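Let me put the thing on the screen, and then I'll talk you through it.

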Amino acid sequence: MTKKRSVVVAGIASLLAPTVGHVYVGRPFRGIVILGAALLAPLVLGHAGAARSVGLFYAMQALYLGLFAFLIVDCCLIARRAVDYRLKPHNRGLVYILVAAGIYVGLGALAEFRGSLYGFDSHRIPASSMTPTLSPGDYVATDTRMAGAGYVPERGTVVVFEFPRDRSLLYVKRVAGLPGETIAIVDGVLFIDGAPLPAGLTTQVSTPDARSQNFPPTAVPEGAVFVLGDDRGNSYDSRFWGPVPLSHIRGEVTLIWYSPVPGRTGSEVR
């Protein structure tokens, strides 16, 4: 095989699946080390609070993508430097397929449990119930480090949670009522245990209507929170299906890392 063709094949193999190119050039362990570094970077920076800092979040993404790019370039350089690379017994299609399958299964598992493993997660906002804070198409970062046993979010926190009626669905709302409180809405004003809260402390209302202006007193059970959408007249929230168990909360929405709306990318979520 010519050197030029060897470089091309190594690059294509690495593009198809990380480390496959290194298997092709006979340096599988080197590829595994580079891949491990790429996966370790977001683990370290995620638990260091990347979801709380726009700069650190972007730096984490750049480092992650940079290491994957280096993985491709590195195996091409190895192929280029080889004086006379001859295919070895492991250079077989079945071997490449098995390695690629193993890599994709592993990466898929990491993506599925990214929130609990890495200390952060990312979600796309599909609907307008949190307008004007979050708009459809926004990509948000969430801090997942505190989620779990004993975690109670502060009032006003925007959280991602598993929908109580179908835990396979994820919703984003703002915490209005805490465990043990009684919540009510009278003429658009939010009341907690009979006392009105200052305007803007918990939620905004961009589309007032009868549903957003009045809601009868309702007790929030222990171990749960009452959530509302900021666009209260256009939100399917705890007023309709009840409180959210604390165990369903995945994390706190902290920043918009990308938005198709100009001026929103990089802004903090408050």
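So, to start: what order do the strands take in the open sheet of four? The answer is 7-6-5-8, with antiparallel pairing. Before I go on, the ground rules: this is a predicted model, where local features need pLDDT of at least 70, side-chain atom pairs count only at pLDDT 80 or more, and totals for chains, interfaces and linings use all residues. Residues are numbered from 1 along each chain as its sequence is written, and side-chain values use heavy atoms, with hydrogens and water left out.

When I say strand, I mean a DSSP run of E with at least two residues; a helix is a run of H or I with at least four, and both are numbered from the N terminus. Pairing takes at least two DSSP bridges between two strands. Strand 5 and strand 8 have three, running antiparallel, and there Ile185 has Phe215 as its bridge partner.

Asp187, in the loop between strand 5 (182-186) and strand 6 (189-192), has a positive phi near 50° without being a glycine. For context, most residues other than glycine have a negative phi, and most peptide bonds are trans. Are these two buried or exposed? Asp187 is exposed, at 60% relative accessible area, and Asp193 is exposed too, at 52%. The cut-offs are under 20% for buried and over 50% for exposed, with partly exposed in between, using a 1.4 Å probe and protein chains only.

Strand 2 and strand 11 are joined antiparallel by five bridges, with Tyr139 standing opposite Tyr258.

Strand 3 is the one I'd click on. Six of its six residues, 158-163, are buried, so the rest of the structure largely encloses strand 3. Strand 3 runs antiparallel to strand 4 over six bridges, and the two make a hairpin with two residues between them. Phe163 is bridged to Asp166 in strand 4. Strand 3 also pairs antiparallel with strand 11, over three bridges, and Phe161 has Ile249 as its partner there.

While we're on the loops: between strand 1 and strand 2 (139-143) you'll find Pro132, and the peptide bond from Thr131 to Pro132 is cis, with omega near 10°.

On to the helices. Helix 3, residues 28-47, has 20 residues, which at 1.5 Å a residue should span 28 Å; the end C-alpha atoms are 29 Å apart, so that agrees. The expected span, by the way, is 1.5 Å times one less than the number of residues. Its buried residues include Ile34, Leu35, Ala38 and Leu39. After helix 3 comes Gly49, with a positive phi near 105°.

What does the side chain of Asp74 touch? The side chain of His22, through a polar contact of 2.8 Å. That term means an N or O pair within 3.5 Å; within protein, one atom must be able to donate a hydrogen and the other to accept it, and residues adjacent in sequence count only if both atoms are side-chain atoms. His22 sits in helix 2 (20-24) and is buried, at 0% relative accessible area.

Last stop, the largest pocket. Its lining has 21 residues, with Glu112, Gly115, Ser116, Asp121 and Arg250 nearest the centre. A pocket here is an open set of points on a 1 Å grid over the protein atoms alone, where a 1.4 Å probe fits, with protein on both sides within 12 Å along at least five of seven lines; lining residues have an atom within 4 Å of a point. Helix 5 (93-112), helix 6 (114-118), strand 1, strand 4 and strand 11 each supply at least two lining residues. That's my tour, thanks.
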